[in-house]
Each structure stands twice: as structure tokens, then as C-alpha cells.
Amino acid sequence: MKRFLFILKRVIQLLLIIAVIVGFVFTVGAAVNKNKTFVCSAIQVNVEYPPFMQLVNEKDIEDKITYLSGRSIVGKPLSAIDFNTLEKELERIPYVKNAEIYTTQNHSVHVDIVQRKPILRVINNDGVSYYLSEEQTKMPLPNTFTTNVPLAIGYVETHEDLEGDSIVLKQLFDLVNYVQKDTMLSALIDQIYVTETGSFELIPKFNYHTILFGKVDDKMDERFQNLKTFYKNVLIHKGWTDYKTINIQLPNQIIGVKRDTV
């Protein structure tokens, strides 16, 4: 009798476990089926961009989503919206660094966009123009927005030499990054001219003179420190317009050529 009761108890426990599992599966299945009936109630787009540097706006993103989906996703079943594909496609937009799409409890779709930050505008001798981002991504110039960033002109990607052009672009990127992180230099430097040999000439905002910089190397910091010392100790007394060129191509010397020098 005891053995029978023991077996019966085990059977009841097993049946209870099976009942719990079946109930859980049924509940999950019901929730999934119910979720399939939910439709997108609204779409909300938020674009995070650096101050005064907006290159893409909310309407651009919403229009892109509508184009990718074939129609507006508002009123569309949530189960029919491929969020992963939409995120990947939005991140193919040159201005977009990151895209995240998710739903809320009221079944609205939220789209969070992080825009790339332009650090340089390029206009080369062939008339090709674009922005260069912090990640060295090329971004076309938008029709509706302009940003106040340094300008690089001259022989940028005009050599038909992929290796040579990539070296120039990499050095240009490193140079601009250095300048932008320095309060004095970022307030001073407005344009960068790339010569045919791939060296750089820096042009101050008020066109006082031309700074012959040369190429980027491991002595760049030392050369810029020499330039700042020259500004503080010489130009502040003699005047910003006295010199035609300031040569800082060598780390151990700085050469200023006055305007009246032949």
C-alpha cells in the first residue's frame, strides 16, 4: 500500500509539472499571437548631432524608413517590421554613425540616430567636395546645411594614386585632430592647403601669413609648440601682419620671412 501511494504521489507530481509547462507554453503562444495583432501607433525620430553641425534631420530619417518599408510604418503590424534590417540600412546613410529602433508599451516605434561629427571640409583641385568625419568617413555635402569646420583645399585625392592619396588623407586627419584639440590653434587655423608634394600649408583665419608646416610626423607636437612660442614672444610685439610666411617644417627651428624680404 505504501509503495502504491508513493508511485501515485510521483505520478501526480509529474502531471503537475507537465501541466505547468503546458500552461507556460500556452501563455507564451497566446502572447506571441496577440503581439502579432499589434500595429505601429506612431513613429518618433530623434537625431543626436553636435551643436551647429546638423547634417541629417528627423524628416530625412522618417522618409528613408517609409521608402525602405514601401509605405509608412504607422498602421503596419509590428511583427511585419524588420527592425534589424532598418537599422542596418539607416547606418548606410553617410551621416549616420549609429541607429537604434525599438517599440514602447503604447506600440509606437522610436528611432534614435547618432549623427557623425564632421571635422573637416575638403574641396580639391578637381572640384570634388565632401566632409570628413571623426571616423575618417567621407560624407557628401548636404543641400540644406553647412557647418563651420576647417577647410582643406588643393591636391587632396587628385594624384590617381590610392596609396599616396590615403597617406595624405591620414596625415590630414591627424593634423586636423591635433589642431582641433588645441584651444589656440583651433581659434587660429582656418584653412589647410595641400601641395602637390603632399605637404601642408596652414592659413590663419584672418590671412595674416602662411604657415609652412610640411608633413605630419612624430615631431608635430614640438613644431607646434615652437609656433605658439613664436606667436607669444615675437608676433605679439612685432605685429601679426609683419611676416609673409612662417616655416615650422623642422622641429629645431622656426623661420619667419617678413613681407619686405625679397
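**Reading the sheet**

Analyst: Three strands, in the order S1-S3-S2, make up an open sheet with mixed pairing. Strands S1 and S2 are at the edges with a single partner strand each, so one side of each has no neighbour in the sheet. On average, neighbouring strands of this sheet are turned by 15 degrees against each other, direction ignored; such axes are lines fitted to C-alpha atoms, for helices over the stretch in contact, and angles run from 0 to 180 degrees between N-to-C directions. Strands (E, at least two residues) and helices (H or I, at least four) are DSSP runs numbered from the N terminus, and two strands pair if DSSP finds at least two bridges between them.

The model is a predicted one, in which local features need pLDDT of at least 70 and side-chain atom pairs count only at pLDDT 80 or more, while totals for chains, interfaces and linings use all residues. Residues are numbered from 1 along each chain as its sequence is written, and side-chain values use heavy atoms, with hydrogens and water left out.

User: In which sense, parallel or antiparallel, does S3 pair with S1, and in which with S2?

Analyst: Strands of a sheet pair through backbone hydrogen bonds, either parallel or antiparallel. Here S1 (residues 43-48) pairs with S3 in the parallel sense over 6 bridges, and glutamate 48 stands opposite valine 114 of S3. Strand S2 (residues 96-103) pairs with S3 in the antiparallel sense over 7 bridges.

User: Why is S3 largely enclosed by the rest of the structure?

Analyst: Burial is judged by relative accessible area: buried is under 20%, exposed over 50%, and partly exposed in between (1.4 Å probe, protein chains only). Strand S3 (residues 109-115) has 5 of its 7 residues buried, so the rest of the structure largely encloses this strand.

User: Which strands does helix H2 lie across, and which does helix H3 touch?

Analyst: Contact means heavy atoms within 4.5 Å. Helix H2 (residues 58-69) lies across S1, S2 and S3 and runs at about 130 degrees to S1. Helix H3 (residues 83-90) also packs on the sheet, where it touches S2 and S3, and its direction makes about 160 degrees with that of S2.

User: Which residue in the hairpin of S2 and S3 takes a positive phi?

Analyst: That hairpin has 5 residues between its strands, and histidine 107 has the positive phi, near 70 degrees. Histidine 107 is not a glycine, and with 24% relative accessibility it counts as partly exposed.

Phenylalanine 52 is also not a glycine, and has a positive phi of about 65 degrees. Its place is the loop between S1 and H2, where it is exposed at 77% relative accessible area.

User: How many residues separate phenylalanine 52 from asparagine 148 in sequence, and what is their distance in space?

Analyst: The two are 96 residues apart in sequence and 8.0 Å apart in space, C-alpha to C-alpha. Asparagine 148 belongs to the loop between strand S6 (138-139) and strand S7 (151-154), and its relative accessibility of 72% makes it exposed.

User: Is threonine 245 buried or exposed, and which residues does it touch?

Analyst: Threonine 245, in strand S11 (residues 243-247), counts as buried at 18% relative accessibility. Leaving aside residues up to four places away in sequence, threonine 245 touches His209, Thr210, Leu212, Ile255, Gly256 and Val257.

User: Which residues form a nonpolar patch on the surface?

Analyst: Leu14, Leu15 and Ile18 do, with about 290 Å² of accessible area together. Patches comprise residues with over 30% relative accessible area and no salt bridge; nonpolar side chains (Val, Leu, Ile, Met, Phe, Trp, Tyr) are joined within 5 Å, like charges within 9 Å. A salt bridge places a side-chain nitrogen of Lys or Arg within 4 Å of a carboxyl oxygen of Asp or Glu. Isoleucine 18 lies in helix H1 (residues 2-35) and is partly exposed, at 43% relative accessible area.

User: How many helices and strands does the chain have, and what share of its residues counts as buried?

Analyst: The chain has 6 helices and 12 strands, and 34% of its 262 residues count as buried. Of the contacts between residues at least 6 apart in sequence, 52% join residues at least 24 apart. Its accessible surface is about 16,000 Å², 55% of which belongs to carbon and sulfur atoms; such areas come from the Shrake-Rupley method with a 1.4 Å probe, and for residues only the protein chains shown count as cover.
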